[in-house]
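Have the structure open and follow along.

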Amino acid sequence: MKKLITFFAILAMATSLTAQTPKANLLKEWERARAYTKEYLEAMPETGYALKPNKEMRSFAGQMLHLSDAIYMIVGTATDVAPTVKDLEKSNDVAKVSVTDKVLAAYDFAINAIKNVPDAKLAESVKLFGRFELTKGQAIDKAFEHQTHHRGQATVYIRLAGATPPQEKLF
């Protein structure tokens, strides 16, 4: 009986030692978001990239490039990695292949920047947009929330284009 209890105690300790860190969880979520956004980009027909539900709204491509600009800016600020890309939305690009490449590159930037930021830095303070004081980890969370918001809006665009958006991808 003692051997069995000892075995389970060692197993429990080993399991807790291999638990994911907060940064590992962040990376897992960003990788999932990248894959999910890629499904959105693939679901929209080429002709739908220029689709604007009305003249005041962004095109589908504009939504995707806007979320990419924010990823570069917010994650770059939070990780102290200066992005070499900006103002993607202002390009007015509506070509499926190039927009897809630009959007996925923004996710790659975020994933690599998060991988390389020291864990201790995530607790440091940062000011976003010159007025919001939060930790760098919270800033990364805000970037994640922002991309989720705009990807969600893109669901309607895909439906308006007569296509079917991807199934929800929570895990």
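Which residues do ring pairs link into a cluster? They are Trp-30, Tyr-107 and Phe-144. Keep in mind that this is a predicted model.

## Aromatic pairs

There are seven aromatic pairs in the structure. Take Trp-30 and Tyr-107, one of them: the ring centres sit 6.0 Å apart with the planes at 55°, so this pair is tilted. Trp-30 belongs to helix H2 and Tyr-107 to helix H4, so the pair ties together parts 77 residues apart in sequence. Trp-30 has 0% relative accessibility and therefore counts as buried. Tyr-107 also comes out at 0%, so it is buried too.

Now look at Tyr-72 and Phe-109, where the ring centres are 5.0 Å apart and the planes meet at 50°, so that pair is tilted as well.

## Helix H4

H4 covers residues 96-116, which makes 21 residues. From first C-alpha to last it reaches 30 Å, close to the 30 Å expected at 1.5 Å a residue.

What do the buried residues of H4 pack against? They pack against helix H2 (22-43), H3 and H5. The buried set includes Val-99, Val-103, Leu-104, Ala-106, Tyr-107, Phe-109 and Ala-110. As a general point, an α-helix has 3.6 residues a turn, so residues three or four places apart point the same way.

## Ser-68 in H3

Ser-68 is a residue of helix H3. Is Ser-68 buried or exposed? Its relative accessibility is 0%, so it counts as buried. Setting aside neighbours within four places in sequence, Ser-68 touches Leu-88, Lys-102, Val-103 and Ala-106.

## H3 against H5

Two packed helices are described by the angle between their axes and the distance between the axes. For H3 (residues 60-79) and H5 (residues 136-160), the axes come within 9 Å and cross at roughly 175°. The two helices are therefore roughly antiparallel to each other.

The residues of this contact split into 14 nonpolar, seven polar and two charged. On the H3 side, they include Phe-60, Met-64, Leu-67, Ile-71 and Ile-74. On the H5 side, look for Lys-136, Ile-140, Ala-143, Arg-151 and Tyr-157, among others.

Note on methods:
Residues numbered from 1 in each chain as written. Predicted model: local features only at pLDDT ≥ 70, side-chain atom pairs only at ≥ 80, totals over all residues. Heavy atoms only, no water. Axes fitted to C-alpha atoms, helices over the stretch in contact; angles between N-to-C directions. Helix = DSSP H or I, 4+ residues; strand = E, 2+ residues; numbered from the N terminus. Parallel < 35°, antiparallel > 145°, perpendicular 65-115°, else oblique. Contact = heavy atoms within 4.5 Å. Nonpolar A, V, L, I, M, F, W, Y, C, P; charged D, E, K, R; others polar. Expected span 1.5 Å × (residues − 1). Buried < 20%, exposed > 50% of the residue type's maximum accessible area, 1.4 Å probe, protein only. Phe/Tyr/Trp six-rings, centres within 6.5 Å; stacked < 30°, edge-to-face > 60°.
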